[in-house]
Amino acid sequence: MKKQSSEEQIIAVLKEQEAGAKVADLCRKHGISEATFYNWIAKYGGMEVFEAKRLKALEEENAKLKNLLAKRMLDAAALRELLAKMYGPPRPCKGTRHRK
(Lines give C-alpha, C1' and ligand atoms only; values in the text may rest on other atoms or scores of the structure.)
Protein backbone atom coordinates (compact mmCIF):
# COMPACT_ATOMS: atom_id res chain seq x y z
CA MET A 1 0.00 0.00 0.00
CA LYS A 2 1.01 3.60 -0.38
CA LYS A 3 2.40 5.62 2.48
CA GLN A 4 -1.03 6.94 3.56
CA SER A 5 -3.81 4.37 3.29
CA SER A 6 -7.41 5.42 2.82
CA GLU A 7 -10.13 4.42 5.23
CA GLU A 8 -11.58 2.12 2.56
CA GLN A 9 -8.27 0.28 2.17
CA ILE A 10 -7.75 -0.05 5.92
CA ILE A 11 -11.26 -1.37 6.52
CA ALA A 12 -10.86 -3.81 3.61
CA VAL A 13 -7.64 -5.22 5.11
CA LEU A 14 -9.30 -5.58 8.52
CA LYS A 15 -12.29 -7.34 6.93
CA GLU A 16 -9.91 -9.80 5.23
CA GLN A 17 -8.46 -10.67 8.62
CA GLU A 18 -11.95 -11.05 10.10
CA ALA A 19 -12.74 -13.45 7.23
CA GLY A 20 -9.88 -15.69 8.35
CA ALA A 21 -6.74 -14.46 6.60
CA LYS A 22 -3.52 -14.65 8.61
CA VAL A 23 -2.03 -11.37 9.81
CA ALA A 24 1.46 -12.14 8.48
CA ASP A 25 0.07 -12.96 5.02
CA LEU A 26 -2.05 -9.80 4.95
CA CYS A 27 0.88 -7.62 5.98
CA ARG A 28 3.09 -9.12 3.27
CA LYS A 29 0.32 -8.80 0.66
CA HIS A 30 -0.41 -5.13 1.43
CA GLY A 31 3.14 -4.07 2.25
CA ILE A 32 2.53 -3.03 5.85
CA SER A 33 4.16 -4.00 9.12
CA GLU A 34 2.37 -6.05 11.75
CA ALA A 35 2.66 -3.07 14.10
CA THR A 36 0.76 -0.94 11.59
CA PHE A 37 -1.87 -3.65 11.24
CA TYR A 38 -2.41 -3.86 15.00
CA ASN A 39 -2.54 -0.04 15.23
CA TRP A 40 -5.29 -0.13 12.60
CA ILE A 41 -7.18 -2.74 14.61
CA ALA A 42 -6.91 -0.57 17.73
CA LYS A 43 -8.16 2.50 15.88
CA TYR A 44 -10.59 1.11 13.29
CA GLY A 45 -11.51 -2.36 14.58
CA GLY A 46 -15.22 -3.07 14.13
CA MET A 47 -15.87 0.11 12.14
CA GLU A 48 -17.47 0.50 8.78
CA VAL A 49 -16.03 2.84 6.13
CA PHE A 50 -18.46 5.68 6.85
CA GLU A 51 -17.57 5.53 10.56
CA ALA A 52 -13.85 5.64 9.81
CA LYS A 53 -14.34 8.64 7.51
CA ARG A 54 -16.36 10.41 10.21
CA LEU A 55 -13.63 9.68 12.76
CA LYS A 56 -11.00 11.16 10.45
CA ALA A 57 -13.15 14.27 9.84
CA LEU A 58 -13.64 14.74 13.59
CA GLU A 59 -9.90 14.33 14.24
CA GLU A 60 -9.12 16.97 11.61
CA GLU A 61 -11.70 19.37 13.05
CA ASN A 62 -10.35 18.79 16.55
CA ALA A 63 -6.79 19.56 15.38
CA LYS A 64 -7.98 22.82 13.79
CA LEU A 65 -9.84 23.82 16.96
CA LYS A 66 -6.81 23.04 19.15
CA ASN A 67 -4.63 25.16 16.86
CA LEU A 68 -7.14 28.02 17.00
CA LEU A 69 -7.33 27.80 20.80
CA ALA A 70 -3.52 27.84 21.09
CA LYS A 71 -3.34 30.96 18.91
CA ARG A 72 -6.02 32.72 20.98
CA MET A 73 -4.23 31.83 24.21
CA LEU A 74 -1.00 33.30 22.82
CA ASP A 75 -2.87 36.44 21.78
CA ALA A 76 -4.38 36.79 25.26
CA ALA A 77 -0.99 36.29 26.93
CA ALA A 78 0.57 38.92 24.66
CA LEU A 79 -2.23 41.37 25.47
CA ARG A 80 -1.85 40.76 29.22
CA GLU A 81 1.88 41.36 28.92
CA LEU A 82 1.31 44.55 26.95
CA LEU A 83 -1.25 45.83 29.46
CA ALA A 84 1.10 45.04 32.35
CA LYS A 85 3.85 47.09 30.67
CA MET A 86 1.48 49.98 29.99
CA TYR A 87 -0.37 50.11 33.31
CA GLY A 88 1.65 48.02 35.74
CA PRO A 89 0.54 44.88 37.54
CA PRO A 90 -3.16 44.54 38.38
CA ARG A 91 -4.21 45.88 41.77
CA PRO A 92 -6.99 44.61 43.99
CA CYS A 93 -10.19 46.64 43.84
CA LYS A 94 -10.71 49.02 46.75
CA GLY A 95 -13.93 49.00 48.67
CA THR A 96 -14.83 45.41 48.05
CA ARG A 97 -14.57 42.88 50.81
CA HIS A 98 -14.97 39.19 50.65
CA ARG A 99 -17.10 37.67 53.35
CA LYS A 100 -16.00 34.52 55.10
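Let me begin with the crossing of two helices: helix 1 passes helix 2 in a right-handed crossing. Bear in mind that this is a predicted model.

The side of helix 1 in this contact is V13, E16 and Q17, and helix 2 supplies V23, L26, K29 and H30. Sorted by class, that gives three nonpolar, two polar and two charged residues.

Now the geometry. Helix 1 covers residues 7-18 and helix 2 covers residues 23-30; their axes come within 10 Å and cross at roughly 150°. Angles over 145 degrees count as roughly antiparallel, so helix 1 is roughly antiparallel to helix 2.

Next, helix 3, residues 34-44. How do the axes of helix 1 and helix 3 cross? They come within 10 Å, at roughly 100°. Helix 1 and helix 3 are therefore roughly perpendicular to each other.

From helix 1, the residues that meet helix 3 are I10, I11, V13, L14 and Q17. On the helix 3 side they are F37, W40, I41 and Y44. This contact has eight nonpolar residues, one polar and no charged.

Last, helix 4. Its 39 residues, 49-87, reach 57 Å from the first C-alpha to the last. At 1.5 Å a residue the expected value is 57 Å, and the model is close to that. Just after helix 4 comes G88, with a positive phi of about 85°.

That is my part; I will take questions now.

Methods
Residues numbered from 1 in each chain as written. Predicted model: local features only at pLDDT ≥ 70, side-chain atom pairs only at ≥ 80, totals over all residues. Heavy atoms only, no water. Axes fitted to C-alpha atoms, helices over the stretch in contact; angles between N-to-C directions. Helix = DSSP H or I, 4+ residues; strand = E, 2+ residues; numbered from the N terminus. Parallel < 35°, antiparallel > 145°, perpendicular 65-115°, else oblique. Left-handed = near helix turned anticlockwise from the far one by under 90°. Contact = heavy atoms within 4.5 Å. Nonpolar A, V, L, I, M, F, W, Y, C, P; charged D, E, K, R; others polar. Expected span 1.5 Å × (residues − 1).
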